[in-house]
Each structure stands twice: as structure tokens, then as C-alpha cells.
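Have the viewer open as you read.

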Amino acid sequence: MKKFCAPILIVIVILPLITYGNAGSSMEFACDQRKAATKSFDFCNTSLPIKNRVEDIIRRLTLKEKVAQLYTSAEGIERLGIPAYEWWSESLHGIAPNGPGVRFNGSIKAATMFPQVILTAASFNETLWSAIAGAVAVEARAMYNSGQAGLTFWAPNINIFRDPRWGRGQETPGEDPLITSRYAVVYVTAFQGEQEKAQQPSSLMLSACCKHFTAYDLEKWHNYSRYSFDAVVNQQDLEDTFQPPFKSCVKDGHASCMMCSYNQVNGVPACANRDFLSKLIRSEWQFEGYITSDCDAVAVIFENQKYVDTPEDAVADVLKAGMDINCGTYLLRHTLLAMQKGKLHESFIDRALFNLFSVRIRLGLFDGDTNSQTYGNLKRQDVCSDEHRHLALEAARQGIVLLKNKDNTLPLLKSKIASLALIGPNANALNTSLGDYAGTPCKIITPLIGLTSYIKRISYSPGCQYVNCTSTDGFEAAERIVAQADAVIMIMGLDQTQETEDHDRVDLTLPGKQQKLISKVAGASKGPVILVLMCGGPVDVSFAKEDPRISSILWIGYPGEAGGQALAEVIFGDYNPGGRLPMTWYPQDFTKVPMNIMNMRPNASTGYPGRTYRFYTGETVFEYGYGLSYSNYSYKFVSSNKQLFIPRDFENRVYSLSEVVFPETKVELPHIYVDEYTGCQKIKFALQVLVYNHGSMNGSHVMLLYSKPPATHRGVPQKQLIGFTRVHVASGKSMNAEFVVSPCEHLSTVTEDGRRLLSIGFHTLIIGDSQLNLSLTTHIVT
């Protein structure tokens with residue numbers, strides 16, 4: 001969200017008037033059946049369809065009242081008994097006060113802070129993701145009931161982590177579109193209260209918002225700014241990389257909100273793109289909800305991008321495109337004048353109001369006192385509960401990734417470690433482990449606190465006072481204490497001064513003199529040295545990977561309020577690490593690649609290496625999906641069927657590639673366009689894989705199933721993730737895991753013109769070191 005000036009002044013004035021919830025009987029709410037006037041309003045009649053109720057509200061509003069609803073701090077309408085409402089609340093990985101909708105100054109002083117999303121994604125565990133979203137939803141609703149939050153939350157962030165320098169990559173599930181799509185669906189359905197939908201399909205526990213649509217992944221890099229950046233994206237990349245998470249969020253997750261981003265896409269501002277908002281999201285994906293701008297994203301269309309000549313043009317363009325509400329004051333200040341100048345018709349305002357009030361009604365905000373509704377009993381006791389705090393611990397455990405473990409140094413044995421030296425600026429930093437978009441945690445456990453519960457004799461020295469590590473003043477003290485310790489743990493990495501919203505990195509190395517401190521400590525230590533990296537984006541630690549003096553490397557992301565305890569449990573063997581990297585770790589040399597180039601595919605003629613594991617052709621520090629364990633695992637494909645028949649009939653033509661893709665060649669490999677094929681559901685199949693745990697410890701193990709498609713057209717991925725699961729395998733035991741493969745979805749690829757096709761031929765399925773060659777063939781159905 002942009003830190004804007006003018007709206008802040010308005011918020012200060014309006015905020016005291018906003019009603020967030022019903023902490024007591026004195027709190028104002030719409031449709032109070034005790035009032036005679038309220039009973040006569042059709043919009044308060046819960047037996048009527050939502051459409052009729054919304055139309056009744058809009059019919060009663062004056063033009064001035066209508067415009068006052070197009071701002072996130074929507075004004076109250078006293079004559080109709082409608083209180084003010086704040087649309088902007090945040091819940092990325094716990095309730096956060098980044099927007100004015102959330103306040104920790106009431107009876108609830110804190111909320112559970114789960115790991116930052118990038119670490120949660122490293123668990124590759126949909127059940128865990130759902131549990132976290134459900135827990136955050138309970139706390140959000142409890143805060144609403146206590147008058148400290150709204151009901152509309154702007155999360156999750158489902159942009160693709162395209163470039164390792166992106167400051168907000170930490171907020172996302174990583175670089176893979178399948179994982180990001182699944183995370184979007186799981187988060188939204190759990191957060192919005194999917195379990196209630198069977199009984200009340202139109203009702204919402206809360207409203208989730210998928211952001212930022214679309215191709216948004218640059219903050220501030222060199223001379224490029226997110227406020228004016230034009231993301232030039234070809235149709236192939238748009239279809240198979242940037243859009244799938246948003247499509248899944250709408251079609252499968254049934255999100256009730258979408259946020260359009262600051263940037264332009266191919267010359268058109270995202271919030272003013274009618275083809276995106278009205279045609280694609282609303283018509284093709286059948287989105288039912290409201291579309292909000294990112295904060296001041298309407299203003300930048302005129303002020304930064306110079307896309308239009310006047311503020312009134314910007315307002316008219318976004319409302320005509322299909323945007324409904326403005327985070328910022330542009331619609332509030334310029335809509336009436338846009339109408340007076342003939343640039344905008346009132347019908348576009350009514351359409352926006354229809355979407356906005358529909359969501360408010362679905363949330364129960366026009367059904368009388370919310371204390372008497374389904375979630376009215378959630379209060380302070382439901383926030384920072386033992387259950388939620390334990391879930392935060394479990395999430396940190398499952399996300400931690402073991403990157404190096406020379407000679408099985410880890411886990412450390414408590415019986416052999418009498419003293420520890422703890423070094424690093426992140427070893428006892430209270431807020432660093434939370435990452436961005438964080439609120440006040442229930443109870444923070446830093447690495448120092450967590451390790452103290454295992455080893456009482458801990459000598460601690462930060463080495464560098466701050467993460468930027470501009471001075472060597474603390475090096476001598478650090479070297480002195482490590483020389484006396486049985487083992488050394490270094491907590492290094494990044495923080496929000498290095499990577500965050502509105503701030504991208506320019507380097508992939510550790511900041512300042514951190515590398516020098518690590519090498520100094522490694523040289524002075526008499527025992528094993530464990531390097532722990534606390535960061536969202538990847539760092540080039542090739543020096544530590546190759547240095548034999550550094551025994552082990554762990555990545556812990558920003559592990560949330562219980563991260564210090566989870567780290568200690570992993571280091572001392574009370575938890576067997578099983579997390580996998582959800583993003584590629586590139587070498588420092590990758591910084592030569594301009595961040596503003598959006599192409600995913602490599603270009604051999606220019607030396608452009610491509611991006612993400614699906615297309616990148618260069619060297620890596622650690623590959624996507626990499627992660628070690630204290631156990632060794634092996635796999636075996638149980639499925640014996642290595643051939644899949646794709647039925648075709650008169651409705652489903654099978655094209656040859658020479659017809660449509662390579663007209664200058666004589667290749668005759670057939671394929672099927674997925675959007676024309678009606679048999680996709682019928683050709684799904686189950687794939688059985690046996691996994692063995694050869695280690696001496698039980699393990700929670702991530703299984704990643706990839707497909708290597710035939711190279712039947714330009715830009716086919718090197719491989720692509722088609723399935724994932726996390727299973728618990730006992731020491732010395734095996735278990736059978738099942739993957740459901742949908743060829744149309746998982747084995748298809750995208751052509752240069754943006755069409756998804758299923759190629760007939762050999763597809764290689766890969767899991768670990770095991771492969772299965774699957775032949776897709778066609779025959780005539782008789």
C-alpha cells in the first residue's frame with residue numbers, strides 16, 4: 001500500500017466516526033429492528049434476495065451520498081441508519097494495523113503472528129495453510145466484535161515472486177504459479193468461512209482480497225518505481241505465469257475482493273484496464289465481489305503515469321473499467337466534477353455501489369446486531385489462544401529449510417553441548433522475525449530465547465549492531481566468545497531495512513560486512529558453526545555453502561512469533577526439518593539481469609537467462625524445492641500404466657502443430673487446445689508413489705511431483721510442478737502417497753499467442769530421482 005499524505009489527514013478526521021463492530025449494546029449498527037423507520041426499509045428485510053436489498057439502498061441515496069461510499073473510509077448515512085464503514089484492514093499472516101481498519105488500542109492488545117507467507121509456503125502443506133487462514137479469520141472476527149477491525153481484509157498477496165530482489169517477495173507463496181494458485185484458494189476459502197457455505201452459500205464470515213492484479217512485482221529499483229512502471233508482458237507469460245493465481249482465486253476460491261495494482265500492463269494502468277477488470281475478471285471468470293484500487297493507484301494514473309490529462313479523466317477511466325472503490329481520495333474529490341464535465345454517467349457509480357453493498361450484506365452488516373449472528377460470540381478470549389500460538393509454532397517448524405548439513409552435524413546433541421556462542425544481529429531482534437505487514441504479537445520468542453530453553457550457558461554477541469553491518473567494531477568480541485564455546489550459531493540475513501514494500505534490493509549478497517563476520521567467526525570457532533539465515537528473499541551464500549568450516553546452513557524466513565522456539569527444536573533434533581525452498585536462490589551474478597524485463601523465457605541471442613526454475617538456464621546457489629532432512633528418502637512409482645488415451649470425437653478436433661504453431665516446419669505432432677476440449681474431467685487419473693524413510697528419525701516429508709512436457713512449441717517449460725503433498729513417514733517405514741493428475745491442467749503448456757494446449761506424446765513425470773515416462777495417445781471413440 002502506498003504511504004499517501006492527503007488521505008491520512010482525512011482518516012484522522014473520519015476515523016473516530018467509523019463503526020467497526022459491536023463491542024457492546026451502545027455500538028451503532030444498520031437495520032436496528034427496534035427502530036420503527038428501519039422496519040420499513042426493504043434493504044433490512046433479510047427474506048429478500050441480496051439483489052433487491054442492494055437496489056433498495058442505492059435507490060434511496062443522493063448523488064453526494066453515493067460518491068461518499070466510493071472511498072475506503074465510507075461515510076455513514078444517518079437518515080437511513082447506516083453507520084460508517086472502514087474497508088481497509090490487513091491480515092497477511094496475522095492481523096496487522098497497516099490500514100486504518102485495525103487498532104490494537106482496545107481490549108485486544110495483540111494477535112497471533114504467524115510466519116511470513118514465504119516460510120509458510122515452504123511447508124508445502126495445504127492443511128497447514130488452511131488452519132492458519134482459519135485461525136487468522138477467528139481473530140479478525142473477534143477483533144471486529146470488539147470494535148477494533150473491519151470485516152474486509154486485503155490479503156492474500158498472490159503475485160509471483162519473479163525476481164529475487166523484489167522487496168515484497170516475502171509476502172508471497174513464491175515463484176511457482178501452481179503453488180501460488182493453491183495457496184490463494186486455500187487461504188480465501190478458509191478465511192471467508194467456507195464451512196458455512198453449504199448452509200448459506202451467499203454469506204461470508206469475512207471478506208478476503210486477492211492482490212495485486214496484475215504483473216506487479218517491482219517496488220523501487222534504480223530509476224523504476226511501482227507507481228509509474230509499465231510491465232511489458234507477452235501473452236504467453238501472462239497466461240501461464242501471472243494470471244493463474246488470480247483466476248484460481250476467483251473461480252475456485254470465490255474471493256469477494258480483488259485489488260488492482262499501481263503499475264501499467266502493456267501501456268494501460270491496471271485499474272483502468274476494462275479488458276482486465278470487466279471482461280476477464282467479471283465476465284470470463286464470473287467474479288462476484290468488489291474491486292478496490294491499491295492505495296492511491298487512481299491518483300498515480302494522472303500524477304505519476306501521465307496517462308490522462310486531468311484527475312477527472314482518471315476517475316472516469318477506472319469506474320468505466322470496472323473498479324468499485326478507491327483506497328485514496330481521488331474518487332471522493334473528483335467524481336462529481338467528472339460527472340459535471342460529462343466524462344462519467346451515474347450508472348457506473350451505481351454499478352460500483354451494487355458490488356460494494358452486496359459484499360456488506362453478505363457479511364451480515366445489514367442484518368441487525370452482529371452480536372446475535374453466527375460469529376457474534378467470538379471475542380478477546382479467541383485471540384492469542386493456546387491453539388493459535390501452537391499453530392504458529394508448528395507453521396515455523398514445518399517451513400524451516402535445511403540447506404547444508406556437513407557430516408550430519410545437525411542435530412546437535414544436548415549431552416555433548418555444554419555451551420553455545422550465539423552471534424548475529426538477528427539473534428535477539430524482537431520484530432525482525434515477523435517480517436512486514438505484522439501486528440503486535442502475543443509473545444515473541446527470539447532465537448536467543450528459544451535456544452536458552454535448551455542450553456543455559458549461552459554467550460551472546462551481535463557482532464554487527466544492525467543488519468546493514470557497516471562496522472567491524474563488534475567482530476573482536478564475537479571471535480572471543482566463539483573460541484570458548486562448544487558450538488556456534490550465527491543468526492544473520494536481512495530485515496525490513498533491506499527488503500520491504502517500496503524497497504527492492506540491488507544485491508543478492510549479505511549486507512555490509514556480514515560475510516566477513518561469518519568467516520571471522522568460522523575461523524575462530526573450535527566447534528561446529530551453524531549459519532541461520534533470517535530473510536524473505538534469497539541471498540547468495542555460495543561462500544558458506546563451500547566453506548568446510550561452516551557445518552550447516554538453515555533458512556528460517558521470517559518465522560513469526562514462535563520462530564525462535566521452532567529453530568531451537570530443529571537444531572537440537574526435537575523436530576526433523578522438512579521444508580523446501582519455494583523460490584530459486586540465484587547467484588549475485590543474476591543482478592546483471594535488469595529487473596524491469598518481465599519475460600519469463602530465456603533468450604539465447606541476447607544472453608537473457610530466463611526466470612524461475614521453469615525457465616532459468618543459469619547457475620543456482622540452491623534450486624527451487626531444495627531442502628534436506630535428518631532422514632534420507634527414496635521414491636518408487638507404483639502406477640504401472642505408462643500410457644494414457646485421450647478420447648476424441650467430432651466435438652474435439654486434434655490439431656497438428658504444423659497447422660498452427662510452426663507453419664514453416666513439417667512437424668506433425670498432434671495436440672489439443674484445452675479450451676476446446678470437453679473431456680478434461682474424464683481423463684483425470686490417480687498416480688501412486690511409494691516413499692521410504694531410510695533414516696533413524698520420523699519425518700514430516702514434502703513430496704514434489706514435476707512434469708517435463710515434450711518440446712512441441714516455443715517456450716515450453718524445462719519442467720513444471722504438477723502436484724505436492726506433505727506426509728509423515730516413520731523411521732524405516734514406507735507409505736503410499738496419491739497424486740490426482742488432470743492432464744488438461746497439469747500437463748498442458750501455453751503457446752506464444754496465449755492458448756493452453758495438451759501435447760500428444762511423451763511426458764516425463766519426476767519425483768526426486770525417480771521418473772515415469774507417460775505416453776499420451778489419441779484414438780477414435782466408437
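This is a predicted model: local features need pLDDT of at least 70, side-chain atom pairs count only at pLDDT 80 or more; totals for chains, interfaces and linings use all residues.

The report below covers a helix packing and then the charged pairs.

Helix α15 (residues 386–399) packs against helix α20 (residues 563–571) at an angle of about 50 degrees, and their axes lie 8 Å apart. That angle makes α15 oblique to α20, and the crossing is right-handed.

On the α15 side, the residues in contact are L393, A396 and R397, and they meet G563, Q565, A566 and E569 of α20. Sorted by class, this contact has three nonpolar, two polar and two charged residues.

## Salt bridges across the chain

The structure holds 36 salt bridges. One of them joins D350 and K66, with the closest N and O atoms 2.8 Å apart. This pair links distant parts of the chain, 284 residues apart: D350 sits in helix α14 (residues 346–362) and K66 in helix α4 (residues 63–67). D350 counts as partly exposed because its relative accessibility is 24%, whereas K66 is buried at 5%.

Another bridge links E752 and R714, whose closest N and O atoms are 3.5 Å apart. Both ends lie in loops, E752 between β25 and β26 and R714 between β22 and β23. E752 is partly exposed at 48% relative accessibility, and R714 is partly exposed at 41%. Elsewhere, bridges that share partners join R168, E171, E219, K220, R226, E501 and D502 into one network.

## A bridge within one helix

E476 and R480 also form a salt bridge, their closest N and O atoms being 3.9 Å apart. These residues are separated by about one helical turn because they are four residues apart in helix α17. E476 is exposed at 58% relative accessible area, and R480 is exposed at 51%.

Terms used:
Residues are numbered from 1 along each chain as its sequence is written. Side-chain values use heavy atoms; hydrogens and water are left out. Axes are lines fitted to C-alpha atoms, for helices over the stretch in contact, and angles run from 0 to 180 degrees between N-to-C directions. Helices (H or I, at least four residues) and strands (E, at least two) are DSSP runs, numbered from the N terminus. Angles under 35 degrees count as roughly parallel, over 145 as roughly antiparallel, 65 to 115 as roughly perpendicular and the rest as oblique. A crossing is left-handed if the near helix is turned anticlockwise from the far one by less than a right angle, and right-handed if clockwise. Contact means heavy atoms within 4.5 Å. Ala, Val, Leu, Ile, Met, Phe, Trp, Tyr, Cys and Pro count as nonpolar, Asp, Glu, Lys and Arg as charged, and the others, Gly among them, as polar. A salt bridge is a side-chain nitrogen of Lys or Arg within 4 Å of a carboxyl oxygen of Asp or Glu. Buried means under 20% relative accessible area, exposed over 50%, partly exposed in between (1.4 Å probe, protein chains only).
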